[in-house]
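Here is a short report on one protein chain. Look over the sequence and the fold first, then read on.

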Amino acid sequence: MQRFLIISGLLLMLAGVAWPWLSKLPFGRLPGDIHIVRDGFSFHFPIVTSIVISLLLSILFWIFRR
């Protein structure tokens, strides 16, 4: 558990440092993501992005578990 927390923290720090480059990736703006803008209201639900990230993480965990 300690190793998992340390690795998770390091990955989050790495993502924070790399955020200027990561923000230019198309994640969050994929076709199928829900974005509604009205007067004084904005709603964004990245459903397709969530599915893609979930699949990628599942594949990575499957590979590293072997």
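## Fold and basis

How many helices and strands are there in the protein chain? The chain has three helices and two strands. Starting at the N terminus, their order is α-α-β-β-α. Helices (H or I, at least four residues) and strands (E, at least two) are DSSP runs, numbered from the N terminus.

This is a predicted model, in which local features need pLDDT of at least 70, side-chain atom pairs count only at pLDDT 80 or more, and totals for chains, interfaces and linings use all residues. Residues are numbered from 1 along each chain as its sequence is written, and side-chain values use heavy atoms, with hydrogens and water left out.

## Overall dimensions

The protein chain has a radius of gyration of 16 Å, whereas a compact globule of 66 residues would have one near 11 Å. That radius is taken over C-alpha atoms, and the globule rule is 2.2 Å times the number of residues to the power 0.38. Along the principal axes, the C-alpha atoms fill a box of roughly 45 × 25 × 20 Å.

Of the 66 residues, 5% count as buried. Buried means under 20% relative accessible area, exposed over 50%, and partly exposed in between (1.4 Å probe, protein chains only). The accessible surface comes to about 6200 Å², and carbon and sulfur atoms hold 74% of it. These areas come from the Shrake-Rupley method with a 1.4 Å probe; for residues, only the protein chains shown count as cover.

## The largest pocket

The largest pocket holds about 790 Å³ of space. Its lining has 21 residues, and Leu11, Ala15, Ile53, Leu57 and Leu60 are the closest to its centre. A pocket is an open set of points on a 1 Å grid over the protein atoms alone, where a 1.4 Å probe fits, with protein on both sides within 12 Å along at least five of seven lines; lining residues have an atom within 4 Å of a point. Grid points are joined across faces, edges and corners, and the volume is the space filled by probe spheres set on the points.

Helices α1 (2–17), α2 (19–22) and α3 (47–65) each supply at least two lining residues. The lining divides into 16 nonpolar, two polar and three charged residues. Here Ala, Val, Leu, Ile, Met, Phe, Trp, Tyr, Cys and Pro count as nonpolar, Asp, Glu, Lys and Arg as charged, and the others, Gly among them, as polar.

Is threonine 49 buried or exposed? Threonine 49 counts as buried because its relative accessibility is 6%. This residue lies in helix α3. Beyond four places in sequence, threonine 49 contacts Phe27, Gly28, Arg29, Leu30 and Asp33. Contact means heavy atoms within 4.5 Å. The C-alpha atoms of threonine 49 and aspartate 33 are 7.0 Å apart.

Valine 48 also lies in α3. It is partly exposed, at 25%. Isoleucine 7 sits in helix α1 and is partly exposed at 43%.
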